[in-house]
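Welcome! Please take a moment to look over the sequence and the structure before reading on.

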Amino acid sequence: MAFDVAAVRAAYPALDDGTAYLDGAAGTQVPTTVIDAITAAYRSGIGNVGGSFAASRRAGEIVSDCRRAVADLVGGVPEGIVLGPNTTSLIYRFSQALGSTWRRGDEIVVSRLDHDANIRPWLQAAARAGVVVRWAEVDPATGELPVEQYDMLLGDRTRLVAVTAASNILGTRPDVAAITAKAHAVGALTYVDGVHATPHGPVDVTALGADFYATSAYKWSGPHIGAVAADPRLLESLSPDKLVCSPVAVPSRFETGTAPFADLAGVTAAVDHLADLAGPGSGARRERLLRSMSAVGSSERELFAVMRRGLAELPGVTLYGEPAHRTATAYFRVAGRTPREVSERLAARGVNVWDGHCYAWELAGALGLRDTGGAVRAGLVHYNDRSDVDRLLAAVAELACTKERQ
């Protein structure tokens, strides 16, 4: 079934403003079904969970539905889905729980390809526990994270390997399955940051070898909710700090405070929306998600080829990273223009892009860009079309040519 981007775009009221939203890597717009689901949750009346009345039961059903939806999206199980306000908060939560099991002289491995949220919490936990930190380095010319280096980084004291499933600025998709296999061979756990990867294709946490897999709903047309998928038995082995009277059972023991129930209803609606992006189909939601997200990946790759080729042909434009496997994400600079100047000029032309290090703090440093304003990031998601790309290329071309004439 062909991917009908016009039909997809029609589901997003925000796109009616005529803006080319190429800032999806920082957060996506939401479809009407998600907005309606959040509104319906409030209209029907919701209370906190654990009560004896209908509104409380509705809240409990919303939470359960959300866990099932996220599990279908990533290939996990509902009993292993931990929900939270955002991925960064959840990684800090798990860094505390895992860090309390580490002993002085243990080791962890982090990578310079990652968003800082999958680096800094682990470094801070390591410092508290007296744990050795080892770094997996990026090839700055290609943006690749070579797998072979892990043979030298891992040992019998390695307790955790944290790695991204896709770079949020270069789009690099490292060979996560190979990395996690090496980690498991020495008895280490793996924490995979799937925030940037999840919107761009099908996800199977088992195939990836992820003991923990993090994702953020607002990167795939949902509200601002984070989630971590793990084996419930692994969650049972951890004891996070919690209130004495809060739930002991997993996954609830990792969730502090009262959940934003209406937003969780929006997460379920977002997963249902993703499942039908390639058109309504039959079969279980997990099956439809795999078909739909495969179609999303193919559509994005085709459009990204146009965008990247167009940027590469413009005078004075430097593109960073040339990984073999990537998401539809470009990171570039325009000669004679600061990244902020480029993003401001593009915004004035109705083209939304991001600029700076985009929280890829270590990677921006490895590329030699962190101290000079980073670069400009333009990324595609499932609702972007050729007109968005054409507007980006025209606006960047105007900037580049104007600077050349000066």
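This report walks through a predicted model, starting with its cores and moving on to its strands.

Nonpolar side chains tend to be buried together in soluble globular proteins. Here, the largest nonpolar core holds 76 residues, and L145, Y150, I169, Y213, W220, Y331 and L363 have the most contacts inside it. Helix 10, spanning residues 261-275, gives the most to this core, with 10 residues. A second, separate core has 30 residues, including V82, L98, Y191 and V250.

Seven strands make an open sheet of mixed pairing, in the order 2-8-7-6-5-3-4. Strand 2 (81-84) and strand 4 (132-136) stand at the edges with a single partner strand each, so one side of each has no neighbour in the sheet. From one strand to the next, the twist averages 20 degrees.

Strand 5 (residues 158-164) runs parallel to strand 6 (residues 189-193), joined by five bridges. A162 stands opposite Y191 in strand 6. Helix 5 (residues 120-129) packs on the sheet, touching strand 3 (107-111), strand 4, strand 5 and strand 6, and its direction makes about 160 degrees with that of strand 3.

Is strand 13 (residues 375-379) mostly covered or exposed? Mostly covered: five of its five residues are buried.

Strand 13 runs antiparallel to strand 10 (residues 329-334), with four bridges between them; here T329 has G379 as its bridge partner. Strand 12 (residues 354-356) also pairs with strand 13 in the antiparallel sense, over three bridges, and G356 is partnered by A375.

Terms used
Residues numbered from 1 in each chain as written. Predicted model: local features only at pLDDT ≥ 70, side-chain atom pairs only at ≥ 80, totals over all residues. Heavy atoms only, no water. Core = buried A, V, L, I, M, F, W, Y, C linked by side-chain atoms within 4.5 Å. Buried < 20%, exposed > 50% of the residue type's maximum accessible area, 1.4 Å probe, protein only. Helix = DSSP H or I, 4+ residues; strand = E, 2+ residues; numbered from the N terminus. Pairing = 2+ DSSP bridges. Axes fitted to C-alpha atoms, helices over the stretch in contact; angles between N-to-C directions. Contact = heavy atoms within 4.5 Å.
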